[in-house]
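User: I'm new to reading structures. Could you walk me through this one in a few questions and answers?

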Amino acid sequence: MSLINYASREINCKIVYYGPGLGGKTTNIKYVYSKIAPETRGKLISLATELDRTLFFDFLPVDLGTIRGFKTRFHLYTVPGQVYYNASRKLILKGLDGLVFVADSQADRLDDNIDSLQNMYENLATHGMRIDGIPFVLQWNKRDLPNVSPVEQLDAILNTLKVPAFPAIATQGIGVFETLKEVSKRVLRALSQQQ
Amino acid sequence: MQDSVSIFEDDYWAINQQLKYLLRSTGALIVLLIDKAGQVITSAGDLSRLDVSSFASLQAADVAATSQLATLIGEKEFSSLFHQGRRESIYVSLLNPNIILVVIFDDQATLGLVRIRVKTVSDQITKIFERIFAKLERRTVSAPAFDEEFALEAEAEIDNLFK
């Protein structure tokens with residue numbers, strides 16, 4: 001649910017990173033935080049356990065600049081990937097405008113990716129949302145690891161909607177901005193089509 | 001995707017007036033109105049010492065988590081929350097499932113007074129939002145700024161930011 005404030009001339013949109021535990025969602029956000037100019041971003045909030053696993057969410061506000069007189073801002077969120085935290089995961093989806101699914105490319109994580117994607121569809125449904133009505137992109141993360149599934153296989157199994165998908169190595173920043181850029185464009189395009 | 005909420009000048013100022021009244025009549029430090037996605041709609045008071053974006057996102061998450069706790073014990077929702085600090089405290093009221101009113105106050109204000117004034121102001125703000133949602137429903141408002149050209153400009157801006 002994007003918020004357009006005509007009086008203060010602001011647009012706020014919410015983008016959520018979803019995916020299996022230890023897939024690299026937080027790494028994506030942390031890379032964005034480390035690379036964009038401090039004046040265009042807010043504080044990175046991480047509600048994590050002592051072992052650095054996301055407990056509730058990570059949050060990063062990013063200022064896009066002023067478009068046609070409207071200060072445009074994206075709020076990036078990650079969900080906790082661990083199966084146990086589904087109640088929290090469901091909450092973060094509230095009011096979202098765009099979704100990124102960060103898949104772990106390693107062959108032995110394929111089932112986890114499938115489960116997480118299925119879980120995402122179910123959680124969207126509890127908010128009355130359907131994936132085909134949401135700006136959505138995928139990311140094949142951890143392409144630098146030795147035991148990865150081929151991109152074609154991931155695409156065939158996980159990308160049933162045939163949305164843009166980006167190979168990535170989030171720890172090195174590869175594919176991180178490409179992913180964010182695409183989902184941001186889709187969110188703003190959806191906004192202009194909605195009006 | 002859920003439809004966007006658009007707030008236009010007259011409604012915005014009407015809401016602001018209510019928030020200012022709440023601030024004045026209770027002696028509170030800050031009053032914030034945020035949506036369920038954690039975005040600030042408007043505020044009153046001195047925001048200079050508060051990281052507003054972080055605050056709003058955490059507050060929305062707090063409300064969302066507490067609503068789920070309510071469900072777990074068989075309640076529909078907790079319509080208000082109170083966090084007591086040593087010097088400053090937070091009183092939160094759920095105006096409707098989408099809108100959250102937050103009052104930050106210190107010992108210059110009392111919880112009882114905050115609670116009473118929030119009740120009065122909540123009714124007024126709820127009415128304003130009913131008006132906003134009705135307008136959006138009837139689509140009697142137009143949003144001339146968001147057309148194809150806007151999308152193109154936005155894309156250029158995104159390319160620029162993430163170079």
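User: Which residue in S6(B) stands opposite B:Ser93?

Analyst: Let's start with the strands, which are DSSP runs of E of at least two residues, numbered from the N terminus, while helices are runs of H or I of at least four. This is a predicted model, where local features need pLDDT of at least 70, side-chain atom pairs count only at pLDDT 80 or more, and totals for chains, interfaces and linings use all residues. Residues are numbered from 1 along each chain as its sequence is written, and chains are lettered from A and ligands numbered from 1 in the order in which they are written. Look across from B:Ser93 to S6(B), and the residue there is B:Leu101.

User: How many bridges join S5(B) to S6(B)?

Analyst: Two strands pair if DSSP finds at least two bridges between them. S5(B) covers residues 89-96, and S6(B) covers residues 99-105. They form a hairpin with two residues between them. The two strands run antiparallel, and the number of bridges is seven.

User: What is the bridge partner of B:Ser80 in S5(B)?

Analyst: S4(B), residues 80-83, runs antiparallel to S5(B), with four bridges joining them. A hairpin links S4(B) to S5(B) through five residues. Within S5(B), the partner of B:Ser80 is B:Ser93.

User: Are H1(B) and H3(B) roughly parallel or roughly antiparallel?

Analyst: H1(B) is residues 9-26 and H3(B) is residues 111-138; they pack at about 180°, with axes 10 Å apart. Axes here are lines fitted to C-alpha atoms over the stretch in contact, and angles run from 0 to 180 degrees between N-to-C directions. Angles under 35 degrees count as roughly parallel and over 145 as roughly antiparallel. So the pair is roughly antiparallel.

User: How many residues in the contact of H1(B) with H3(B) are nonpolar?

Analyst: Residues are in contact if their C-beta atoms, placed from the backbone, lie within 7 Å. H1(B) brings residues including B:Ala14 and B:Leu22, and H3(B) brings residues including B:Val118 and B:Ile125. Ala, Val, Leu, Ile, Met, Phe, Trp, Tyr, Cys and Pro count as nonpolar, Asp, Glu, Lys and Arg as charged, and the others, Gly among them, as polar. Four are polar, three are charged, and the nonpolar count is eleven.

User: Which element gives the most to the side of chain A that touches chain B?

Analyst: Here 46 residues of chain A contact 40 residues of chain B. Several elements of chain A give two or more residues, among them strand S4 (54-67) and helix H5 (176-194). With eleven residues, the top giver is H5(A).

Key:
Contact = placed C-beta atoms within 7 Å. Parallel < 35°, antiparallel > 145°, perpendicular 65-115°, else oblique.
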